[in-house]
Amino acid sequence: MFSFVKNHWKKLAFVSVPLGYGSNYLWTEHQISQHMQDVCRNLPETSSKIPQRALVVINPVANDKSCEKTFRKYCEPILHLAGYSVEILKTKEIGHAKSLIESLPILPDVLVIAGGDGTSSEVVTGLLRRKDDPCPILLLPLGERNETVSAFLPVDSKKKVEYVKCLSACVLSLLQERLRYRNVLKYEVLPDESDPEPHRPIYGLQKFSWGLLRDIEAKKDKYWYFGFLRHHAAALATSFTNEMSHSIKANLTCTPPCPGCTKCAETKTHTQRVFKKLFVSKPSSPMAATVVNDSCGQKEEHNVEAKQMDILWKQNGQSFAELNTEIIETISAGIDFVTNIKKKMEPSLMLKSRTVELQPKEFDMATYTIDGEEYDARAVKITLLPNRIKSYS
């Protein structure tokens, strides 16, 4: 045996590679098949015997065009077995999901979003632009960026078995009626002399990002041939350009955080009563709309010169949400910058507020992102809307 291996080690090494890959593939598919059988065998009973209508908005080009295939293989069968009537709408271009949702004559029982953060933002924008009450949504992490789902459920798309388990857990949250309210960020373009026409608001679930780090994140896919090092490659390439000297100069007008009062409450009392029954954490009091807060609405001005700016919502220690504006004033090129590009950098300035008005003065970065989608850098007002939309999670 030893002599055989010694004499044929090259052939054995050559054969072992496809054998090892094939064995791993078969074992992975077996685990997934076993998991899907267990899920379908133990489906919870739906609350209604009448099939409920689930409208699925799919971004077919998301995640290297694998989004639709993954949904049909691992998510759609569970919905059908649970008795849901499934209708699928495919987006054709950027912004198409907004118009699709706005033009619906009647909203479904649940809107299933099969895509990434950009698709989620578009669907939520279409929902909140309508005049009727928004229906619940179900987020499926089927895009390249899935930070919205990652906030409450670990998403590991590199390990296929764990990824399929994550997808089925999302669908099961719908069948188990694990409904909660989510905060929404409202973006309103401020009119100026060059463009006085009013713009319709945009809504997002995650964050606003503008600056050098955002630009590096946006162009990392150009270096796809570096594989998992493409983010570092993008940072290294940027280090040798004049982009490192680019900066943002803007004026920020902030109003202080507020748990809810006569000036800022936008949630109806009925909605808050329903929310109190469904949300696990302690909600705002239904009497918040009658509370007078003299500091609410007061404005603070900040002149900012920075390399990176992120605006996102966070739950504070007083059990209500607030906007956090994280500002990184300086970023230096070097080996530490390239090696640590994927790690979160500590902000040099943190501003907490309920609303932020951002007036760009001088800037080298012509675009910023809302939940990963690019927009031209313009003056914008960002408002936190607490508990604005219902989501299964």
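Predicted model: local features only at pLDDT ≥ 70, side-chain atom pairs only at ≥ 80, totals over all residues.
Local features are given only where pLDDT is at least 70, side-chain atom pairs count only at pLDDT 80 or more, and totals for chains, interfaces and linings use all residues. Residues are numbered from 1 along each chain as its sequence is written, and side-chain values use heavy atoms, with hydrogens and water left out. Helices (H or I, at least four residues) and strands (E, at least two) are DSSP runs, numbered from the N terminus.

**Strand β1**

- β1 pairs with β2 (residues 85-90) in the parallel sense over six bridges; two strands pair if DSSP finds at least two bridges between them.
- β1 also pairs in the parallel sense with β3 (residues 110-115), over five bridges.
- Ile58 has Lys90 as its bridge partner in β2 and stands opposite Ala114 in β3.

**Helix α11**

- Helix α11 covers residues 230-239; seven of these ten residues are buried, so the helix is largely enclosed by the rest of the structure.
- The buried residues are His231, His232, Ala233, Ala234, Ala235, Thr238 and Ser239.
- These buried residues pack against α10 (212-219) and α13 (335-339).

**Arg130**

- Arg130 sits in the loop between α7 (117-129) and β4 (137-141).
- Arg130 is buried, at a relative accessible area of 13%.
- Not counting residues up to four places away in sequence, Arg130 is in contact (heavy atoms within 4.5 Å) with Ile101, Glu102, Ser103, Leu104, Pro105 and Leu107.
- Ile101 is 29 residues from Arg130 along the chain, and their C-alpha atoms are 8.5 Å apart.
- The Arg130 side chain makes a polar contact of 3.0 Å with the side chain of Asp132. A polar contact is a pair of N or O atoms within 3.5 Å; within protein, one must be able to donate a hydrogen and the other to accept it, and residues adjacent in sequence count only if both atoms are side-chain atoms.
- The Arg130 side chain also reaches the backbone oxygen of Glu102, at 3.4 Å.

**Glu322**

- Glu322 belongs to strand β11 (residues 321-328) and is buried, with a relative accessible area of 6%.
- The side chains of Glu322 and Asn316 are joined by a polar contact of 3.2 Å.
- Leaving aside neighbours within four places in sequence, the contacts of Glu322 are Pro257, Leu312, Trp313, Lys314, Asn316, Lys352, Ser353 and Leu384.

Conventions:
Buried < 20%, exposed > 50% of the residue type's maximum accessible area, 1.4 Å probe, protein only.
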